[in-house]
Amino acid sequence: MARSAVPIITRIPAVMAGMLVLVLTLGTLIAVAMRAEVGTGLSAADWAAIKFTVSQAFVSALVSIIIAIPVARALARQSFRGRGALITLLGAPFILPVIVAVLGLLAVFGRNGILNAGLEALGLPTFTIYGFHGVVLAHVFFNLPLATRFILQGWLAIPSERFRLAATLNAPVGRLLEWPMLRSVLPGTFLIIFLICLTSFAVALTLGGGPKATTVELAIYQAVRFDFDLGRAALLACIQFGICTIAAIVAWQVTAVDGFGAGLDRVVQRWDGSRFIDFVWIGLAAAFLIVPLSMVVINGIMGLSELPFSIIQAATRSVIVALASAVLCITMALALALQGGRIVSIIGVLPLAASGLVVGTGLFLIVFPFWRPSDLALPVTALVNATLALPFALRSIAPAVDGVVADYGRLMDQLNVTGWTRLRLIILPRIRRPLGFALGLAAALSMGDLGVIALFADENGATLPLAMYRLMGAYQMDAAAGAGLLLVALSLLLFWICDRGGRVDADV
Amino acid sequence: MFKTTYLTAVAGLCLATAATAETPKLSVLTYDSFTSEWGPGPAVEAAFEEICACDLEFVGAGDGAALLARLQLEGPRTEADIVLGLDTNLTAAARETGLFAPHGITADLTLPLGWTDTEFMPFDWGYFAFVGNADADAPTSLRELAESDIKVVIQDPRSSTPGLGLLMWAKEVYGDEAPQFWDAIADNIVTVTPGWSEAYGLFLDGEADAVLSYTTSPAYHLIAEEDDSKVAWEFSDGHYMQVEVAGKVAGTDVPELADQFLEFMVSDAFQSIIPTTNWMYPAATPADGLPDGFNTLIAPATSLLKTPEDALAVREEALAEWRAALSQ
């Protein structure tokens, strides 16, 4: 591979980023395990939880990418007014706090939702969202946009010269160009979504309808919070890592490597496909994602006037943490992507397999003997969020960096363009689009996070999601809806600014 | 130049030390909604600092269960002087940590039950109840609810204290027949949420006819929103109680201040803040009585409460029964 060019760029940043990921994932797990007493083993209920966790994650990931393929294809082929805005907006569900998203979905698919109102008016039997299909529906709502973006990037990375050539030769575009691209993009995308669904529990529980929708993460939650059985928590976290490892190995087995020459970084132009079908796909996906989001907005607007001043402070804190986290995240991702290789890929998915609660608990155990946790709440949150967003950033940046190195590596070597110059002049300009996307995604993800802050923050250190939950706890449901809307708006704004900055003259 | 900076720094240090020496700090570990600005926290802080010549600091840690986990994580090195917000389903486990000291307080409490715990002092209490809409038909017992086709939302006992409360409620009413009760009520349960907030949100959005909450929940709607459309259903079985307690951490470096806080906690000044901020009953009814609106609430004839030791002992079995019945 063209990886020979890599050692020229120093290894130190990659090693540091890798170490940090290892400390935060496996290190925290060890910290928890070390505090544990003798373990109790797994019960039949735990096995049922594992089975449910894996099956819902598998189906959710499969459905998400099956729908994402035609949507991404349509978005890659068609240009229309508002396409950029639509693509940005489609990123919104992914960053919503679970309860905000669930209430949005229920406003459409719930008992008193729009769908059931419509079915009732037509005299048709009503639909219940609670159950396995509800979990899948919610997970698709969260992850379809992400899958679409990853696959869309794959499509846009195919140089337009190849489509031109294929059109000239009347060659089958699907088999020659699109299928190889999908083979290289889909397994990683599937893996990421599978792992996201694997570690969720609030969605699965709320929409799954009850204890049959138990996930491993909920079992970890119970072990830590009610039983304080850290041994069990560590054991369950290991199982989560084990499932992740198997999934990762399978995904890498089926990942193909792209082997065409370089194009000229031009806008993709296409001569095939039906405009009508493309717009049907885009329309359906947009409706599925935007209608529940609109309900979040409508419910939130009324609550905006009831928001207390402290929300502004919480929002400011969240934005600062999000920006710090995003910069840290793409620095780490870039360092790892430049290094490349299989170990980096493994490090890159580790954070997804980690249980947020175990990371938080382990970090607390590591930090507590030396510092007051509340003094470190915001830096720790930024650091953990950066690490948790790393898989997404790496997934977005690494293929682009690989592509640049594969296409220009030998040329750069010959011209003796190395180190910073190489990064600044050759690589960064060519990966600006995925870099901006990764930066925006990391910032937005950090905005919505509720994992670590809850363990570290004191009365004065709340971030926006935490403040939202506190509002709900005090019966302030309307104000909480307002806070939810503010959160969505700020997250989208951050995402839009970063993403936009990455493609000022590009076409996405 | 160097000298002045140095001197200023030294002076600053001296002043800082003097300042800390003057105002000792009392750190109270509590649940999130207590410290929030809509909770009792800010008012309690102001009222106590007026009399204690100290700096009262709240540290929030999720809900009651997370509070215990936090304390267990910190162990004897904890900086907390008081832990406030555990309930009696958690105190047996809290006692086992050996981190708490006797409170030594005698106060005239107005709980419906006697109080003998020497380590944990109650600060408020409430009854669990299903809260529904006033215009709907209300069942009058757990069994009637289970046999009806009313749809309810409950919380998961593995992640929330109300969820655990319902588990104890069913166990207290039905004993060994609790599994049959869960079988019967399974088809009434729309869904199970991780915590109270999610469940209450679903109920207000019309996803269910009722939600597991407290008999005092309607008081919030009545007093804060002038909305009388929410009522708690009174069940002839009796209602399981949640008693929220605080305890003094044995390793505290300000034991007198901690004692003073616990005394203050059962005094009028603290207790009168509770009803309209925490939306629970005060542990000792203040001299001025309860706020208007509380008199409209249901007053269950029978109060159910397991001892902390019993609650801990039956939890695992009750959880397994619950899980088995609702997983069908």
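Two strands are said to pair if DSSP finds at least two bridges between them, and strands themselves are DSSP runs of E of at least two residues, just as helices are runs of H or I of at least four residues, both numbered from the N terminus. With that in hand, the bridge partner of Leu26(B) in S2(B) is Leu56(B). The structure discussed here is a predicted model, in which local features need pLDDT of at least 70 and side-chain atom pairs count only at pLDDT 80 or more, while totals for chains, interfaces and linings use all residues. Residues are numbered from 1 along each chain as its sequence is written, chains are lettered from A and ligands numbered from 1 in the order in which they are written, and side-chain values use heavy atoms, with hydrogens and water left out.

Burial is judged by relative accessible area: under 20% is buried, over 50% is exposed, and values in between are partly exposed, using a 1.4 Å probe and protein chains only. By this criterion, 59% of the 508 residues of chain A are buried, and for the 328 residues of chain B the share is 59%. Accessible areas come from the Shrake-Rupley method with a 1.4 Å probe, and for residues only the protein chains shown count as cover. Chain A exposes about 20,400 Å², with carbon and sulfur atoms supplying 68%; chain B exposes about 12,600 Å², and 53% of that belongs to carbon and sulfur.

Contacts, meaning heavy atoms within 4.5 Å, can be sorted by sequence separation. In chain A, 85% of the contacts between residues at least 6 apart join residues at least 24 apart. For chain B, residues 24 or more positions apart make up 77% of the contacts with a separation of 6 or more.

The dimensions of chain B can be set against a simple rule. The radius of gyration is taken over C-alpha atoms, and the globule rule is 2.2 Å times the number of residues to the power 0.38. For 328 residues, a compact globule would have a radius near 20 Å, and the 22 Å of chain B agrees with this. Along the principal axes, the C-alpha atoms of chain B fill a box of roughly 80 × 45 × 40 Å. As for charge, Lys and Arg count as positive and Asp and Glu as negative, with His and the chain ends not counted; each charge is placed at NZ of Lys, CZ of Arg, CG of Asp or CD of Glu. Chain B carries 14 positive and 52 negative side chains, and the centres of the two sets lie 10 Å apart.

Returning to the strands of chain B, S1 (residues 25-30) and S2(B) run parallel and are paired over 6 bridges. Strand S2 (residues 55-60) has 5 of its 6 residues buried, so it is largely enclosed by the rest of the structure. S1(B) also pairs with S3(B), again in the parallel sense, through 3 bridges, and here Leu29(B) has Val83(B) as its bridge partner. S3(B) is mostly covered, with 6 of its 6 residues buried. Antiparallel pairing links S3(B) to strand S10 (residues 239-249) through 5 bridges, in which Val83(B) is partnered by Gly247(B). Gly75(B) sits in the loop between helix H4 (64-74) and strand S3 (82-87) and is buried, at 9% relative accessible area. Its C-alpha atom is separated by 20 Å from that of Leu312(B), 237 residues apart along the chain.

In chain A, Leu86(A) belongs to helix H3 (residues 83-90) and is buried at 12% relative accessibility. Leaving aside residues up to four places away in sequence, Leu86(A) touches Leu75(A), Phe80(A), Ile282(A), Ala286(A) and Ile290(A). The C-alpha atoms of Leu86(A) and Ile282(A) are 9.5 Å apart, although 196 residues separate the two along the chain.

Most residues other than glycine have a negative phi. Phe228(A), not a glycine, has a positive phi of about 45°; this residue lies in the loop between helices H11 (216-225) and H12 (230-253) of chain A and is buried at 16% relative accessibility. Trp279(B), likewise not a glycine, has a positive phi of about 50°. Trp279(B) is found in the loop between helix H12 (268-271) and strand S11 (281-282) of chain B, buried with a relative accessible area of 7%.
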